[in-house]
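Please walk through this structure with me, from the whole chain down to single residues.

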Amino acid sequence: MDTEGSVSSSIWKGKAKATDLDYEDINSPITYRHLLSNNLGVRDPLRVVALCDSDAFYAACEQVRLGVDPSVPLVVLQWQALIAVNYPARRYGISRMDNINDAKKRCPDLKVVHVATYREGEKEPGYWPDPDTMTHKVSLDLYRRESAKIIQLFKDGLPGGEIERASIDEAFIEFTRPVREEILKRYPYLSQIPANAPLGRDTPLPPPPPINWDGLGVLIPVHPPPSADVSKPISEETPPGQPVEEERTWHDVALSIAADLMGKIRRDIHEKLGYTTSASILRNAAIPNYLRPMPFQKIRFLGGKLGKALAEEYDVSTVGDLLTITLEEMQRKFGENSIWVYELLRGIDRSEVKEKPPVTKSMLASKNLPQPIVNTAQGHHWIRVLAAELALRLKEGREAIPALWPKTIVLHARQGYEQSRSKQAPFPFTREPSVDVIAAAGDKLWKELVGTDESRATPMKISSVQLSFTGIDSMETGQRNIEGFFKPRSSDDRLVQAVKRKRNSSAGASRPISIARTADGQASKIESSRFNSFMCERCGRRVALTDELHSLDDDIKQEALASLRVEHDDFHFAQDLAKESHSDSPKRAIRPQSSTSSTAKPPPKKKRKSQEKGIARFFDKS
């Protein structure tokens, strides 16, 4: 008998009833081994992770910037769309789905702030009277900077924790270690395993003490009322301190301690920066009733292609519907790695909380154009606008990490609905990453990628343009030091250097120095070339230090010359990479190819996503 068909019709479609047995893993007993272990991994039953988000963040940033009273209804506008609505404005029924005219009808006293924008000729974004999408580009720099301030206060308030930025207004906070330390501090009797413990270190901890949840935040009820909509975030207006009728656990104790720590940090953020934040308390006992009615595609990572595939495969929409799918069946359909989906549906998330680097490896400025670029002048306009954003972001990054510098500048452009094409080049080091320097590099890439009005055989219609830095990293020691060589020296520095040169000369210094007269009658030093330059074996060029560096001591000069070698080697390395990436494919240019280019080899075919196995095929590789 074929039993597979009968089983699939009753279970695989997710229509059977889920039970509390699905949540056994989150209610496992907590032992002395768990409490006293130094290895606090993602499977620790006392693990506590918080998700804290800033309330109506963009609107709050503008309210703080302008000094507007928090009770004033305020919205943030981007062209004609609302991107943020504060809570006082929401009381008038205003949402981000509304247009600005309808919002003003609902609330005539509504404070409207258009997001800052870049415009050509300005080094920084500003708040202009009538920003135009045809000439301006939206800036989120203010919000990014304020977000960084909030993250820093989390770090200051929780030295032993781990903070991971989830988005510009959200962060994950790993409380496990500081909470563990606080438990042992508050309950010192737990630091020693009782002599009569029947299972030694594996003996469960004694019953936990009473917990007072009042004032700790919004507590999600174990048995929510039938009318509760779990798909919506819980408002801060929800009365805290709801009665807890379920049995207490040591994980509840850990949660209460974390909520107390979180409350102190949130108060600090409000006092120092003026922002309010939200974080609810979800006990293990409340997880089943909280998750079951929730549309599973609203859960992080379960939206998009994967969520659609799950919905279609099992004809389901909620978490409760999917709980009846066995692990074996899910792995058979979606691969071995789908066990994390199985666990996530049951409230188990073993993702690590990891702090992200303060500066990413790339910076991108982009503009999707309401009307296409049709001539070179318009292209140069948008290159300068994008260059201003990159210049500001790189400047801010170098304030945190002075040795930060991008290796490459990349231009992406898309013509109509065609696939985006790109061109890149090494980005040379300069003392000041100004708009002019970046725009000049971008203009050169534009000429190579898009062409000019005179060189094109077909009309120019660029619908999207992006300018980015890649390979951003701290420069090597030699590269960092050479930057200091170009700083103007004071008169005292020059005097010291003159004394050193005089002393070396009188002592019979080995390097020969002669004085020659140039054509304009000025004197210049001519030193041995072995101290000032080197010959590149690859290109046959002599690479030399500038005249400003000739007066340096030999040891410093050698370090400068070594740095110059590194930079020159990087130049050849970038050329090699460019040749490799283009050797087997047609020249990537948006302007039409000449007839001779038809003989170029076609690019290698990418592996089709359908060939990827398991759950990986539902995620974009970008």
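The protein chain holds 19 helices and 19 strands. The model is predicted. The chain has 622 residues, and buried residues make up 40% of them. Among contacts with a separation of 6 or more, 68% join residues 24 or more positions apart.

How far can the coordinates be trusted? The average pLDDT of the protein chain is 79. A score of at least 70 is reached by 73% of the residues. Confidence is highest in helix H3, at 97. Confidence is lowest in strand S16 (residues 513-517), where the mean is 27. Two stretches call for care. Residues 1-19 have a pLDDT below 50. Beyond near neighbours in sequence, residues 1-19 have 30 contacts in the model. Residues 477-530 also stay under 50. For residues 477-530 the model has 62 contacts beyond four places in sequence. Where pLDDT is low, predicted coordinates should not be read in detail.

Start with strand S1, which contains serine 54. Which side chains of S1 are buried? Ala50, Cys52 and Ser54 are, and they point to one face.

S1 has strand partners. With strand S8 (residues 170-174), S1 pairs in the antiparallel sense over 5 bridges. In that pairing, valine 49 stands opposite glutamate 174 of S8. S1 also runs antiparallel to strand S9 (residues 277-278), joined by 2 bridges. Here serine 54 stands opposite threonine 277.

Stay with serine 54. Its relative accessible area is 7%, so serine 54 counts as buried, under the 20% cut-off. Serine 54 touches Ile150, Asp169, Thr276 and Thr277, leaving aside residues up to four places away in sequence.

Ile150 belongs to helix H6 and takes part in the contact between H6 and H3. The axes of H3 (residues 57-66) and H6 (residues 141-157) come within 10 Å. They cross at roughly 95 degrees. Angles of 65 to 115 degrees count as roughly perpendicular, so H3 is roughly perpendicular to H6. H3 contributes Phe57, Tyr58, Cys61, Glu62 and Arg65 to the contact. H6 contributes Leu142, Tyr143, Glu146, Ser147 and Ile150. By class, the contact has 6 nonpolar, 1 polar and 3 charged residues. An α-helix has 3.6 residues a turn, so residues three or four places apart point the same way.

The axes of helix H7 (residues 176-186) and helix H8 (residues 250-273) are 10 Å apart. The two helices pack at an angle of about 110 degrees. That angle makes H7 roughly perpendicular to H8. On the H7 side are Pro178, Val179, Glu182, Ile183 and Arg186. They meet Trp250, Ala254, Ile257, Ala258, Asp260 and Leu261 of H8. This contact has 8 nonpolar, no polar and 3 charged residues.

Next comes a hairpin. Strands S2 and S3 form it, with 2 residues between them. Tryptophan 79 in the turn has a positive phi of about 60 degrees. S2 (residues 74-78) and S3 run antiparallel and are joined by 4 bridges. Valine 76 stands opposite alanine 84 of S3. S3 (residues 81-85) is mostly covered, with 4 of its 5 residues buried.

Another positive phi turns up just after helix H10. Aspartate 315 takes a value of about 55 degrees there. Within H10 (residues 304-314), the buried residues are Leu306, Gly307, Ala309, Leu310, Ala311 and Tyr314.

Finish in a loop. Glutamate 122 lies between strand S5 (117-119) and strand S6 (136-138). Is glutamate 122 buried or partly exposed? Its relative accessible area is 29%, so glutamate 122 is partly exposed. Glutamate 122 touches Trp128 and Ala388, again leaving aside residues up to four places away in sequence. Alanine 388 is 266 residues from glutamate 122 in sequence. In space, their C-alpha atoms are 7.2 Å apart.

Conventions:
Residues are numbered from 1 along each chain as its sequence is written. This is a predicted model: local features need pLDDT of at least 70, side-chain atom pairs count only at pLDDT 80 or more; totals for chains, interfaces and linings use all residues. Side-chain values use heavy atoms; hydrogens and water are left out. Axes are lines fitted to C-alpha atoms, for helices over the stretch in contact, and angles run from 0 to 180 degrees between N-to-C directions. Angles under 35 degrees count as roughly parallel, over 145 as roughly antiparallel, 65 to 115 as roughly perpendicular and the rest as oblique. Contact means heavy atoms within 4.5 Å. Ala, Val, Leu, Ile, Met, Phe, Trp, Tyr, Cys and Pro count as nonpolar, Asp, Glu, Lys and Arg as charged, and the others, Gly among them, as polar. Buried means under 20% relative accessible area, exposed over 50%, partly exposed in between (1.4 Å probe, protein chains only). Two strands pair if DSSP finds at least two bridges between them. pLDDT is the predictor's confidence in each residue, from 0 to 100.
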